[in-house]
Amino acid sequence: MTSKGAVWLVFLLNSVFAMIEFISGGIFHSSAVLADAVHDTGDALAIGLSALLESISNREEDSRYTLGYKRFSLLGALVTAVILMTGSMMVLLENISKLFHPQVVNSQGMFWIGVIAIVINVIASLIVEKGKTKNESILSLHFLEDTLGWLAVILMAIILRFTDWYILDPLLSLAISLFILSKAIPRFWSTLKIFLDAVPEGVDIQKIKSDLEQLDHVASVNQLNLWTMDGLEKNAIIHVCLEHVKHMEVCKESIRDLLKDCGFQNVTIEVDEDLATHRAHKRNMAELEANRNYGHDHS
């Protein structure tokens with residue numbers, strides 16, 4: 001299944017289950033289920049937005065977006081991560097007060113809606129777990145959050161069937177929210193760095209520059225830009241100065257091979273004039289600048 005189809009399918013599953021929660025909350029007279037229904041409705045909206053942006057990201061480049069639409073997938077991942085972190089923070093704030101004033105829950109109704117929820121979330125997680133995009137990765141974390149939450153609900157429902165330890169509800173919610181935040185924040189930061197054109201994770205730019213400078217016929221590396229559009233394909237722009245222009249094609253091939261071994265798929269190479277000409281050009285520019293300054297000082 002394509003990334004586009006996977007995200008739309010999990011959006012549908014989440015939306016249907018949110019409606020089931022609203023109905024079940026009314027039947028069981030459970031404010032907890034109704035509150036989670038509101039939470040899942042927000043999640044469904046986030047996933048729908050991610051699905052839309054994921055669809056846009058699969059378009060080919062055109063005259064408006066000459067580098068393509070892959071960044072839209074990252075935007076979907078950022079939005080979903082923000083909603084995920086915001087939801088977890090809201091759960092934290094809400095349940096701190098419940099530690100001092102635990103609420104009575106309908107354990108039987110919570111148990112069965114929990115079972116249904118886990119089945120739906122496991123199916124959705126299996127759909128997106130093999131996805132490679134950042135968007136699918138952050139959605140997989142979302143379903144982990146829901147699955148862990150409902151497992152806690154089921155465990156709580158079983159315990160409360162025999163005890164009145166209602167404080168377990170806010171305690172488990174706090175633990176799960178902290179766990180999800182510990183996963184979501186690094187994912188958000190990783191996606192944000194890609195969005196801001198940071199050097200791809202795991203790439204040592206200083207080592208790559210050093211390796212390039214040690215290639216035969218390369219006199220200097222004047223520019224080296226490394227980035228990724230979507231966290232998958234790596235891109236590079238390189239400006240080198242050669243010892244002699246006659247080695248241009250051999251040098252370009254060596255540079256491409258080196259960067260291909262480092263995982264870069266798209267490489268743009270700009271070659272400067274040979275070293276002797278380059279040095280002469282720099283001397284001429286320096287002399288021209290000196291003459292301008294001299295003339296300015298004596299004017």
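I am working with a predicted model, in which local features need pLDDT of at least 70, side-chain atom pairs count only at pLDDT 80 or more, and totals for chains, interfaces and linings use all residues. Residues are numbered from 1 along each chain as its sequence is written, and side-chain values use heavy atoms, with hydrogens and water left out.

**Rings.** I took rings of Phe, Tyr and Trp (its six-membered ring) as paired if their centres lie within 6.5 Å, calling planes under 30 degrees apart stacked, over 60 edge-to-face and the rest tilted. Under this rule I count four aromatic pairs. One of them joins Tyr-65 to Phe-72, edge-to-face, with 5.7 Å from centre to centre and 75 degrees between the planes. In Phe-111 and Trp-112 the ring centres are 5.1 Å apart and the planes stand at 85 degrees, so I filed that pair as edge-to-face too. I also noted a single aromatic cluster made up of Tyr-65, Tyr-69 and Phe-72.

For charges over rings I required NZ of Lys or CZ of Arg within 6 Å of the ring centre and within 35 degrees of the ring normal. Arg-59 lies over the face of Tyr-69 at 5.7 Å from the ring centre, and Arg-71 over that of Phe-195 at 5.9 Å.

**Helix α8.** Helices (H or I, at least four residues) and strands (E, at least two) are DSSP runs, numbered from the N terminus. I found that α8, residues 248–261, has 14 residues and reaches 20 Å from its first C-alpha to its last, close to the 20 Å expected at 1.5 Å a residue, where the expected span is 1.5 Å times one less than the number of residues.

With buried meaning under 20% relative accessible area, exposed over 50% and partly exposed in between (1.4 Å probe, protein chains only), I list Cys-251, Ile-255, Leu-258 and Leu-259 of α8 as buried. Seen down the axis, the buried residues of α8 fall within an arc of 90 degrees (taken over the directions from the helix axis to the C-beta atoms), so they line one face of the helix. Glu-249, Val-250, Lys-260 and Asp-261 are exposed on the other side of α8.

**Strands.** Strands pair if DSSP finds at least two bridges between them; β1 (residues 218–228) and β2 run antiparallel and are joined by nine bridges. Trp-227 stands opposite Asn-235 in β2.
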